[in-house]
Amino acid sequence: MKLLKNWSMVSLLAAVAATSVYAPTATAHGEKSQAAFMRMRTIHWYDLKWSKEVVKVNDTVEISGKFHVFEGWPQTVDAPDSAFLNIGIPGPVFIRKESYIGGQLVPRSVRLEIGKTYDFRVVLKARRPGDWHVHTMMNVQGGGPIIGPGKWITIEGSMSEFKNPLTTLTGQTIDLENYNLENTYFWHAFWYVFGLAWMVYWCRRPVFLPRFLLVNAGRADELVSGTDRKVGMAFAAATMVIVVFAMSTANSKYPITIPLQAGTMRGMKPAAEEKSVVAVKVEDATYRVPGRAMRMKLTMTNNGDKAVRLGEFYTASVRFLNADAYKDTTGYPEDLLAEDGLEVSDNSPLAPGETRTVEVQASDAAWEVYRLADIIYDPDSRFAGLLFFFDADGKRTITQIDAPLIPSFM
Amino acid sequence: MSSLNSAVRSHAEAVSVSRTIDYIGLFVFFFVVCGSYHIHAMLTMGDWDFWSDWKDRRLWVTVTPIVLVTFPAAVQYFLWERFRQPWGATVCVLSLLFGEWINRYFNFWGWTYFPVNFVFPAILVPGAILLDTILLLSASYLFTAIIGAMAWGLIFYPGNWPIIAPLHVPVEYNGMLMSIADIQGYNYVRTGTPEYIRMVEKGTLRTFGKDVAPVSAFFSAFMSTLIYFMWHFVGRWFATVRFIKQS
Ligand SMILES: [Cu+2]
């Protein structure tokens, strides 16, 4: 008996373990653990705007901006032939009302082209109160999630006020928060009770030992009576009749249904890009481990018709700004913004036609915090990023860089 | 058995001991099956059963009965062979559904706030009742494997249609045609489940046009029969009484 009781405990624990092993991911803070080269050399998110930082339940927040699919896409990551514009949040604290790439609604996966820049926009509707870190995110099949910058957004109010209305093509208006819920509970409860009834019918009589002894004694036939058979037939017949009845009722109540919609969407329209007017050659680049700083020697040539200055170096969502040439006013997440983290040895305006070699240093704790420095331990120790140049009117031109990085430990 | 006989002094006491063993046995059986069958279910059909926008008329209909006929086949053998009890399949699906509902209600809804109308499990009892009653009436494993497992596979889609149909009503969503289930999947953000891993409406049955669901169901029924056979032998292996006979 004691053995049986122990086994009861073991079985209960096993059942509990089985029900708790899987829960959908509740955290969205994988940004730091992702390999640095993934963040530097795949998708570059920039010009991001968050419409609000504090919202009430049922209000919407819009995240918009651009992403550039990097030309030097790493070989170890599958090309973005099947990619999904996602959002990194801890569960459905917001619902995704809309998401667009190049103006096209993208509820499904899309094909992106390497080297192109796309406009995107995501509209979220606040559902659950709290402070949430909201990341832009691109999932790439064979590559995993590519996480963009995260910003804290506060939702106020109460989740019980949340509504998600929808109008179907058959003219009903429903609330997705509880649509079909009663019906689901009803049928599950109905069939559960039906199954229990079948078991109860058999388990009212002795279940194990006496029957085991009779079976062993070769008298198994005595264990199933004529009544048992009739009850069995009744259960089988009732099952079929109820299924047919329920199915035809559902069909008459919902005469118009469609299959699930699936399949990759193609032909996303890239944003019109202006050709970069500043050519940049990376002469060499080193990362100084103790100083948490990257130093690079750049040879820049201005092929445009206006003088420009280097204002920003962007890599893996971290922005190093040269405060003299450019200031951020978008409310970019502070931990990812080095407002004066970019030193340029000579940042006087680079005149049209002029070529100049400068030393540039990008330093900030973000190298450590966001583990970007780990790039030096990657099998292909290259870094990549975007350089933003500005002319006197604030007009911008973007140049992409991609070069090997040498660590320095002194 | 001699130790048991000596522990009880009267017929009434023997009956009461036997009944206690029944209850504890049923309890243990229910939760052992719940634990192992549920893990098996999550590893094999996983997302197909978690989300309404995976419950399609091709793959979900095909995969679910095939991977779930396993435990019922083995347990039916054990309970019928040793005890002449015809509720092996039913106890399996009831314990599985118990575990699934706890998981969906407390983890998916209570912890992560996915609406239950998006994460409910599939209905499985009709198929289990047919498997059990067919075994009872035919008293033949072969017949149960062929006709019973067939019925198990075939009744799955119609059995679930009453809760699936309302989710397949069409909606025009910002200029695109989507079913309500598709919109659930789009609205209720799954950061860890990107859309492209959704395995729905794929396969080689396209030539059947609108009638894919019955074709998928027949294929599933056929495969269920094969898997039933395999797991019947798993049941035989587990239900051996060799060690009892030795002692
Ligand atoms: Cu985060």
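User: What separation do you get between the centres of domain 1 of chain A and domain 3 of chain A, taken over C-alpha atoms?

Analyst: Happy to start there. In this predicted model, the two centres are 25 Å apart. The domain assignment places domain 1 at residues 31-165 and domain 3 at 278-408 of chain A, with domain 2 at 181-253.

User: How do you know that domain 1 of chain A and domain 3 of chain A are in contact, and how many residues does each give?

Analyst: Contact asks for heavy atoms within 4.5 Å. The contact takes 23 residues from domain 1 of chain A and 28 residues from domain 3 of chain A. About 2100 Å² is buried between these two domains, and carbon and sulfur atoms give 59% of that area.

User: Why is the pair Arg41(A) and Asp402(A) called a salt bridge?

Analyst: The rule wants a side-chain nitrogen of Lys or Arg within 4 Å of a carboxyl oxygen of Asp or Glu. For Arg41(A) and Asp402(A), the closest N and O atoms are 2.9 Å apart, so the pair qualifies. Across the interface of domain 1 and domain 3 of chain A, the rule finds two salt bridges. The count of residue pairs in polar contact between these domains is seven, both residues being at pLDDT 80 or more.

User: What makes Arg295(A) and Asp284(A) a salt bridge, and which parts does the pair tie together?

Analyst: Here the closest N and O atoms are 2.9 Å apart, and the cut-off is 4 Å, so the pair meets the rule. Arg295(A) sits in strand S13 (residues 293-302) and Asp284(A) in strand S12 (residues 278-288) of chain A, so the pair ties together parts that are eleven residues apart in sequence. Over all chains, the count comes to 26 salt bridges.

User: How many salt bridges and polar contacts does the rule find across the interface of chain B and chain A?

Analyst: Zero salt bridges. The interface does have 38 residue pairs in polar contact, both residues at pLDDT 80 or more.

User: How do you know that the end-to-end span of helix H2 of chain B agrees with its number of residues?

Analyst: At 1.5 Å a residue, the 34 residues of this helix (residues 11-44) should span 50 Å, and the end C-alpha atoms are 48 Å apart, which agrees. Just after H2(B), Gly46(B) takes a positive phi of about 35 degrees.

Note on methods. Residues are numbered from 1 along each chain as its sequence is written. Chains are lettered from A and ligands numbered from 1 in the order in which they are written. This is a predicted model: local features need pLDDT of at least 70, side-chain atom pairs count only at pLDDT 80 or more; totals for chains, interfaces and linings use all residues. Side-chain values use heavy atoms; hydrogens and water are left out. Helices (H or I, at least four residues) and strands (E, at least two) are DSSP runs, numbered from the N terminus. The expected span of a helix is 1.5 Å times one less than its number of residues. A polar contact is a pair of N or O atoms within 3.5 Å; within protein, one must be able to donate a hydrogen and the other to accept it, and residues adjacent in sequence count only if both atoms are side-chain atoms. Domain bounds come from an automatic or database domain assignment. Buried area is the accessible area (1.4 Å probe) that two parts lose on being put together, summed over both.
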